[in-house]
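Reader: I would like a close look at one part of this model. Please take me through the strands and then the helix packing.

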Amino acid sequence: MTIYEFLSDRFKKFIFEISVVLIAAVFLLSTGTQFDILLLLLIGLSFLFLIVQIFDFLRSRSHLQELEAILSGLNEKYLFAECVPISNNLYERKLFELIRHSGKAMIEAVSDAQASQREYREYIESWVHEIKSPITAAKLICRTVDEPMRRKLSCELSQIDAHVERALFYARAESPEQDFLIRKINLSAIVSQAIQNHQSLLIQSNIQIQTQGLDQIIYTDDKWSCFILGQLLQNAVRYRSEQPIITLSAKPLGQQIQLSVQDNGIGIPAHELSRVFDRGFTGSNGRKKGGSTGMGLYLCRKLTNFLEINLSITSKEHQGTTITLTFPAKER
């Protein structure tokens, strides 16, 4: 609290008090009180008024600083009203009592919302595990049909499997710290697993995969990183050109390893690049192709932020897109 703020807050009160004193002075003067005595009385009252206001300012500022210190020291800021010491001022006690009741209602509402969200996430995880069984059974049945039909069905089932996996990771992304493990791993192993997971889709789409310099050691969660790479591969397939090529190349960058996923697809318009990581953004290409959810790159951004992986994108329309992932390569 500054002096200006203090004076501004009490300006009307000051005007009222000064007006009362002036009226009293006029009354005393009109009733025969000597001017010298009245002047001494006014000087004394002014000095007393100044002392009281200085004391009030210092007390209010000290009290506010104490409250600010309590708030800054709390991890859960919503518990502020519960930690404030009991005031000697009746108005302040009543005010904080109302704030406590309001905070308690808010905490209960947040707890209910968190419980509901947790139950929903657990249901999604359970549903994903249950739906994977019929998907696996359908893939086995595909082996009994002729070759052209098997390829088509396998591709569609792989797409269903990818959507199911995206739903699972979306549910877990709300609390990823419960399901990740940072460890030392070879980048080539993660890339190979991601390619294998989407093998049917890549073969069906006639995608040519090129790799370069992937024998690098990084520190990350292999499952989450494999999912991120899978989303990038799916995007490259969806927006491919007539002769699609996806190039995965890595290079050391100080204490980091930079992995580039480059395609020669249809590219992204320049004015849409800043929004591709927004939740639900499909863009003009997504609307043309159809079936885009706008969740893939959003999840990639969310998970890379948590894993401390730098994610960037460059693209030229009708030429292709390059997405760069920068992994930590040194243990921290």
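Author: Start with one residue pair. Threonine 247 stands opposite glutamine 262 in β5. The model is a predicted one. Now take the strands around this pair. Strand β4 covers residues 245-253, and strand β5 covers residues 256-263. β4 and β5 pair in the antiparallel sense, over eight bridges.

Next comes the sheet. Five strands form an open sheet with mixed pairing. Their order is β2-β4-β5-β7-β6. Which strands sit at the edges? They are β2 (208-212) and β6 (310-316), and each pairs on one side only. On average, neighbouring strands of this sheet are turned by 15 degrees against each other, direction ignored.

Now the helices. Two packed helices are described by the angle between their axes and the distance between the axes. Here the pair is α9, residues 222-238, and α11, residues 296-306. The angle is about 150 degrees, and the axes lie 10 Å apart. Angles over 145 degrees count as roughly antiparallel, so α9 is roughly antiparallel to α11. The crossing of α9 past α11 is left-handed.

Which residues make the contact? α9 brings Trp224, Phe227, Ile228, Gln231, Leu232 and Asn235. They meet Gly296, Leu297, Leu299, Cys300, Leu303 and Thr304 in α11. By class, the contact of α9 with α11 holds eight nonpolar residues and four polar ones. No charged residues take part in this contact.

Notes
Residues numbered from 1 in each chain as written. Predicted model: local features only at pLDDT ≥ 70, side-chain atom pairs only at ≥ 80, totals over all residues. Heavy atoms only, no water. Axes fitted to C-alpha atoms, helices over the stretch in contact; angles between N-to-C directions. Helix = DSSP H or I, 4+ residues; strand = E, 2+ residues; numbered from the N terminus. Parallel < 35°, antiparallel > 145°, perpendicular 65-115°, else oblique. Left-handed = near helix turned anticlockwise from the far one by under 90°. Contact = heavy atoms within 4.5 Å. Nonpolar A, V, L, I, M, F, W, Y, C, P; charged D, E, K, R; others polar. Pairing = 2+ DSSP bridges.
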